[in-house]
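Hi,

Here is the structure I promised to pass on.

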Amino acid sequence: MAVAALITWLITAVGGFVMLGTWISEGGHRPRSGTRLAPGLVFGHFALAAIGLVLWIVYLAVDKDALAWTAFALLLPVALLGFTMLARWIPARRTDAAESRFPIPVVVGHGLFAATTLVLVLITALGIGEG
């Protein structure tokens, strides 16, 4: 499960990078850009997810349960920030805000893979399915 979580986390990250790159290239990070996504929200989500991913990779290398639980704990605010951005993105889709340029399949895939990652990390931290 731990490797499956890594794979889903990496796929989730690719989708996140696509959206982050789109948002930045469209000027979403600039003041008065008309975005509904505050830079602190976007970069906080990214930073916590990236830190969690690094911890997960270290967990895979050293197999310390505390690292798995720490990565899971980091995913909880990441998910909350992600849901907040989703809620702000939905009405922005029909505007000229930077986030209106996000490809819908990327948004949906990012969310589905993120949810899968959260579950796989929890299952791994709980020790379910260990051989």
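Let's start with H1 and H2: H1 passes H2 in a left-handed crossing, meaning that the near helix is turned anticlockwise from the far one by less than a right angle (clockwise would be right-handed). Helices here are DSSP runs of H or I with at least four residues, numbered from the N terminus. Before going on, note that this is a predicted model, where local features need pLDDT of at least 70, side-chain atom pairs count only at pLDDT 80 or more, and totals for chains, interfaces and linings use all residues. Residues are numbered from 1 along each chain as its sequence is written, and side-chain values use heavy atoms, with hydrogens and water left out.

Back to that pair. The axes of H1 and H2 are 11 Å apart and the packing angle is about 155 degrees (axes are lines fitted to C-alpha atoms, for helices over the stretch in contact, with angles from 0 to 180 degrees between N-to-C directions). H1 and H2 are therefore roughly antiparallel, the label for angles over 145 degrees. Among the residues that meet are Trp-9, Phe-17 and Trp-23 in H1 and Phe-43, Phe-46 and Trp-56 in H2, with contact meaning heavy atoms within 4.5 Å. By class, this contact has 20 nonpolar, one polar and no charged residues. For the classes, Ala, Val, Leu, Ile, Met, Phe, Trp, Tyr, Cys and Pro count as nonpolar, Asp, Glu, Lys and Arg as charged, and the others, Gly among them, as polar.

H1 also packs on H4: their axes come within 8 Å and cross at roughly 150 degrees, so H1 and H4 are roughly antiparallel too. This crossing is left-handed. The H1 side of the contact includes Gly-15, Gly-16 and Met-19, and the H4 side includes His-110 and Ala-114. The class count is 13 nonpolar, eight polar and no charged residues.

Then there is H3 with H4, whose axes come within 10 Å and cross at roughly 155 degrees. That makes H3 roughly antiparallel to H4, and H3 passes H4 in a left-handed crossing. Trp-69, Phe-72 and Trp-89 of H3 are among the contact residues, as are Val-107 and Leu-118 of H4.

What about the largest pocket? Its volume is about 900 Å³. (A pocket is an open set of points on a 1 Å grid over the protein atoms alone, where a 1.4 Å probe fits, with protein on both sides within 12 Å along at least five of seven lines; lining residues have an atom within 4 Å of a point. The volume is the space filled by probe spheres set on the points, which are joined across faces, edges and corners.) The lining has 33 residues, with Met-19, His-45, Gly-82, His-110 and Ala-114 nearest the centre. H1 (2–25), H2 (39–62), H3 (65–92) and H4 (104–126) are the elements that give two or more residues to the lining, and H4 gives the most, with nine. By class, the lining has 26 nonpolar, seven polar and no charged residues.

Cheers

How values were computed. Parallel < 35°, antiparallel > 145°, perpendicular 65-115°, else oblique.
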